[in-house]
Structures are given as structure tokens and as C-alpha cells.
Amino acid sequence: MQKSSAFPWHALLFALFPVVSLLANNVGQVDYSVAYRSFALSLVVSAAILVVAKWVLRDWQKAGVFVTVMNILFFSYGHVYSYVEDAKIAGILIGRHRVLGALWLGILILSILWVVKRKDLQILTSSLNVVTVFLLVSPLYTLISFWYSNLSVRETKLSNDPTLESLAALSASPDSPDVYFFVLDQYARADVIAEYFDHDISDFLNGLEDLGFYVASCGHSNYPSTTASLTGTLNLNYVSELGEDFTPENKSYSPMHQAIKNSRVESAFRQLGYQIIAFETGYNFTELEDSDKFYKLPSNTLNGFESLLLRNSAMVLPADLGLLDQYELTDDQRKRDLTLFVLNQVEQVPSLPGKKFVFVHLVIPHPPFVFGPSGESMVIPPYYENGEAGYRKEDFRRGYRNQVMFINPQILNTVNKIIANSSQPPVIIIQGDHGPAKIPDEKRMNILSAYLFPGAEPGFYPSLTPVNNFRLVFNTYFNTALPILPDKSFYVGINNPYVFKEMHDPCTPSQ
């Protein structure tokens, strides 16, 4: 035990801390797998340097202290640089790599000299071992708790819903249609886009209607967030009715995340013998990786997590010099590439054999704003204030309008190709999950809702909401008699995901 406590475990443990900490800070937003390469590389590199340092210094404890100091300086550099960038002291610009880099190099040299001169580092080594273990406790607890809560949710069925009893009668015929569900993130209703973004989308809506779509002129979302909206839509009921995990006392988003990934709608289509087709979205909780076919953007570059980790470290220096451009894909470019990739791939889906339920979540016109009106690269960057990123109102409106102008003809073109290439006329739902930011809360409920139900008259009406989407689909095509729920909208705050306040925004249906 004495030999074990004297070994510099801290040199290896601290190498993992920045990775574990960053992953914990993004828990629920990214899959744990995005950090695997970072874990392995940090551990292997630190272990290799530790071995070399021991050979040079002839002492494990000195080598361990050297490696830990090196890791602290390496992983803190990017954080400090972003904080002091463009800062001045006594009129001297210190927020530059040549200044901060020289300072960090000086600290490293002094640390090496101090380590070399010390004779006994056993107490320091034992202390660093303990401190490093404690540093890892909090982020590891967060990661393990999140994993366990997800595991628990997977094992916990949603509550019995008497209104869904007729799902037992689900049946499909040889001519049952493929079903496509397009979610356009933050896509507002036409009147909202006209009032707050000074843009007329009537050509887009007319194009949909020419294809046979019904556009709900008073369409509104059930909730003002993607998580709650998709949870209700894909589980055929309001979130508050889904079970004991969705009560006001619960502060965790995990039940909703897992209810999206393991939804009643997906289960119903599997029961019907349908394939589930899904796409990468950039947000883990809306990615149905267990689908029969999951399309993921091919890339040999660093993933977003790895890029962020490197930019928080001393690697920000070569990155700013352009030396990592061939390995790094910016968030803006990743969004462009992913959006274009999904639009291209979904056009190919009709050629796949068998019946299909296709879930397409496009994070557009939601920011970041990376498309110009004609699809050209046009990045409207956020501004940073007090360490927080945001958009000025006019920048948001311009960026949002640009992306609406880009995506509208893309959707029309994609839908045209899907219809033309399908052996049976498909069911297609195109819908915003909620409206955009920078407008009044009640207006955020007003969304695009367009439905193509070929060869049927399902009884559409202007105020139809997403919670009834698949009740209508199953009733119309799959032999169920599910009651249509009252169409309501609820406000919900970020910190209280299951506390709902009903909201009303009167609408006059268009003729």
C-alpha cells in the first residue's frame, strides 16, 4: 500500500479530468462515445511522457509532478486565453499568444527546475493523488447518475393510457404508405414570420398545397422546447400524462430524452413491421441510433467535442494559425454539411425496400445561422458578453429569415422527389417543433404544420397540434380509433421541465 500511494497516479488521473469534466458539462447533449478517443489519447500520451520523464529524472515521483504540471498548463491555456484575449494591463496588450505562450513556457521551465532540485516528493505525491481523485468525483458522479437514470427510464414503461387501447388493433396492408415526419427546428407559422421577420412564405405554403398538403393556418405547438414537444408528439399524449417520471418534482430531462428515443410511435411502427429510418441531428437526444438505418455524416475530422476540448487547451495556438484546419470542422461548417447531407440522403429513402417510418429532425431555421437566402455560406456570428453567447435582435432576425428562405425550396424539392420515387403515395408531416427566440413567449407556440395524407379525408382542422399527429396517422391508415385530444399549448421553464402553464394565443383561421 505504501508503494501504491507513493506512485504518481495523479499524473494519469489528471490527464482524464479535462475530458471527464467537459463531458459532464455537456451531459445529455452528446453521446459518451464522442469522448472515447480523447480519453485514450490523453491517457496514452501522459503515460508515455511519464515513462520518458522517469527515465530522464530517475524518479517516478518527480516524473509524475512534471507530467501533472504539464497537463495543468496544457489544458488550462485555452481557457485563460479566451478570458484574457484582447485584454490590456497598463496599456500593454497581454491577450496574445506570444505573451501568454511565453508566460506558460516560463512557468513550465521554472516547474522543471523546481522538480529537479527537490529530493523528497512523497508527501506531495500522496497529496496530489488524493486531490486528483476528489477532482474526478463530481464529474464522474454526474456522468454515472445520468447513465443510471437513463438505464432506469429504459426499464420503466410509460404509464398505461386508456385512450391508446385501440393501438392493439394496429394493422397494415400491402398498400399501406411510408410515413415521413420532418421536424424543422424553430420554424414559425406564416403570420409570425411575416410580423417579426418581415418575410412572406406564401409561395412555400402554396407549393405544399399544390402537392396536396393541408396547412393548418392556426397550427401551434404544445410546448416551446424541442424536448417537450417531441416527447409529446412521439408518445401520443401530453408530457404530464406520460407517467410518474414526468411530475413537477423531477428536474431531470432524462425521462423525456429516453421517451423520444424509445417512443410509442416507434414501437407502433415496429409492431406494424415497418423499418425505422433516422438521421444524425447534432443533438443526441433526438438521434434514434437504434433505428434500422441511421444515416450519420461521414467525416474524418475531429468531432465537436474533440474540437472544443482542443480549443480549451494549448492546441488553440496551432488552431489559430490554421495548422489544424484539415483535421477540424467548425460547428458552422458541420451544420452546413449535415443539413445538406440529410436533405440529399432522405431523397434516396424511397428506394429502400419495405415499409418505412422516416424521422428527419433538421436544426433549421434554428441557429447557428450559416446559410444565406440562396444556400451560400453566410455566417452571422453571435456576440459574447460576460462569457455568454447570444444574438442581437436584428442579427437573429436576419439570420433566421435567411435560413427560412434557404430551406423552403429545399423542402419542396425534397418532398417532390420523395413523392415521385415512392411506390405508394407517402404520408408526410412537415412541422416546426416550436417557434423562434426573440419574440413573445406566446408567439413561440405558433408553428408551421403541414400534412399530406394521400387518398384519405382524416378531418384536418386549423388548430391541429403535434400531439395529435400520429393519432390521425394510425386512425387513418392503420385501423385504430384513437380519440383526438384537445389542442393545448403549455409554457415550460428550463429549470422546471415538468411544470406547465397553459397559454393562449387567439388565431383566426384563414379561408
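Select Lys417 to begin: at 34% relative accessibility, Lys417 counts as partly exposed, where buried means under 20% relative accessible area, exposed over 50%, and partly exposed in between (1.4 Å probe, protein chains only). This is a predicted model, in which local features need pLDDT of at least 70, side-chain atom pairs count only at pLDDT 80 or more, and totals for chains, interfaces and linings use all residues. Residues are numbered from 1 along each chain as its sequence is written, and side-chain values use heavy atoms, with hydrogens and water left out.

A salt bridge here is a side-chain nitrogen of Lys or Arg within 4 Å of a carboxyl oxygen of Asp or Glu. Glu347 lies in the loop between α14 (331-346) and β7 and Lys417 in helix α15, so the pair ties together parts that are 70 residues apart in sequence. Helices (H or I, at least four residues) and strands (E, at least two) are DSSP runs, numbered from the N terminus. Glu347 is buried, with a relative accessible area of 13%.

Stay on helix α15 and go to Ile411. Ile411 and Ile430 have the most contacts inside the largest nonpolar core, a group of 49 residues. Helix α15 (residues 393-421) gives the most to this core, with nine residues. Such a core is a set of buried Ala, Val, Leu, Ile, Met, Phe, Trp, Tyr and Cys residues joined through side-chain atoms within 4.5 Å. Beyond its neighbours within four places in sequence, Ile411 is in contact (heavy atoms within 4.5 Å) with residues including Phe182, Phe204 and Leu343.

Next, select strand β5 (residues 275-279). Four of its five residues are buried, so β5 is largely enclosed by the rest of the structure. On β7 (residues 356-362), look for four bridges to β5 in the parallel sense; strands pair if DSSP finds at least two bridges between them. Ile277 stands opposite Val358 there. Strand β6 (residues 293-295) also runs parallel to β5, joined by three bridges, and Phe279 has Tyr295 as its bridge partner in β6.

Now show Asp161 and Arg264. They form a salt bridge, with the closest N and O atoms 3.9 Å apart. Asp161 lies in the loop between α6 (122-155) and β3 (179-184) and Arg264 in helix α11 (residues 264-271), so the pair ties together parts that are 103 residues apart in sequence. Both Asp161 and Arg264 are buried.
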